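Here's a quick tour of some aromatic rings and the surface around them. Have the structure open and follow along.

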Amino acid sequence: TWGWFVSAAFGLDKRPKPNRSDDYGTSNYYFTGSKTTSRTSVQAGTMYRINYLLAVKAAIGYGVRSVDYTTMENEIINISDQTFKGLDYSVGLHLDMGEVDFSLDLSTIGFRFKYSELKFGLGYSFKIKKPYKKKEYKL
């Protein structure tokens, strides 16, 4: 059985806005080791049910991945060669436990598998039941 879904993921960290970008490594900074990675994505996809519990799924959408470091001077620098925005896609498994669903996805932005992420999801299913139609027979 085929189905569809929508998915949204947002970073809930409260990170300050970066002071500047590193311009692809052309500047020398002394970092403290403090690193912040933020991920946001919105996707729509399709899934195919293998059995009554398990389905495989694939999705495509738009995503943003941002990586920031803190310098010794307490400046926040956005690392531009690790920051991406654009086409976001994922493949994964979906476990249907009634109204509660679990998912495990492998997601990446812009065909860069170097920065792929494994996501675990928890969701709620809206089941649409089709009303039973009584057949009428004419003699």
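**Rings and a greasy surface**

Let's start with Tyr48, which is partly exposed, with a relative accessible area of 36%. Keep in mind that you're looking at a predicted model. Searching the whole structure turns up 2 aromatic pairs, and Tyr48 belongs to one of them, together with Trp2.

**The Trp2–Tyr48 pair**

- The ring centres of Trp2 and Tyr48 are 5.0 Å apart and their planes meet at 55°. Planes under 30 degrees apart would count as stacked and over 60 as edge-to-face, so this pair falls in the remaining class, tilted.
- These two come from distant parts of the chain, 46 residues apart. Trp2 sits in strand β1 (residues 2–9), while Tyr48 is in strand β3 (residues 31–49).
- Is Trp2 buried or exposed? Trp2 is exposed, because its relative accessible area is 63% and the cut-off for exposed is over 50%.

**The Phe102–Phe120 pair**

- Phe102 and Phe120 make a stacked aromatic pair, with 6.2 Å from centre to centre and 25° between the planes.
- Phe102 belongs to strand β7 (residues 100–109) and Phe120 to strand β8 (residues 117–124), so the pair ties together parts that are 18 residues apart in sequence.
- Phe102 is partly exposed at a relative accessible area of 30%, whereas Phe120 is exposed at 63%.

**A charge over a ring**

- Which residue lies over the face of Phe5? That's Lys57, at 4.8 Å from the ring centre.

**The nonpolar patch**

- Phe102 and Phe120 turn up again in a nonpolar patch on the surface, whose members together have about 1200 Å² of accessible area. Other members include Tyr52, Leu53, Val91, Met97 and Leu118.
- Which elements give two or more residues to this patch? They are β6 (84–97), β7 and β8.
- The largest share comes from β7, with 4 residues.
- Leu118, one of the patch members, is in strand β8. Leu118 counts as exposed, because its relative accessibility is 64% and exposed means over 50%.

- Thr108 and Ser90 are 18 residues apart along the chain, and 6.5 Å separates their C-alpha atoms.

How values were computed:
Residues are numbered from 1 along each chain as its sequence is written. This is a predicted model: local features need pLDDT of at least 70, side-chain atom pairs count only at pLDDT 80 or more; totals for chains, interfaces and linings use all residues. Side-chain values use heavy atoms; hydrogens and water are left out. Rings of Phe, Tyr and Trp (its six-membered ring) pair if their centres lie within 6.5 Å; planes under 30 degrees apart count as stacked, over 60 as edge-to-face and the rest as tilted. Buried means under 20% relative accessible area, exposed over 50%, partly exposed in between (1.4 Å probe, protein chains only). A charge sits over a ring if NZ of Lys or CZ of Arg is within 6 Å of the ring centre and within 35 degrees of the ring normal. Patches are made of residues with over 30% relative accessible area and no salt bridge: like charges are joined within 9 Å, nonpolar side chains (Val, Leu, Ile, Met, Phe, Trp, Tyr) within 5 Å. Accessible areas come from the Shrake-Rupley method with a 1.4 Å probe; for residues, only the protein chains shown count as cover. A salt bridge is a side-chain nitrogen of Lys or Arg within 4 Å of a carboxyl oxygen of Asp or Glu.
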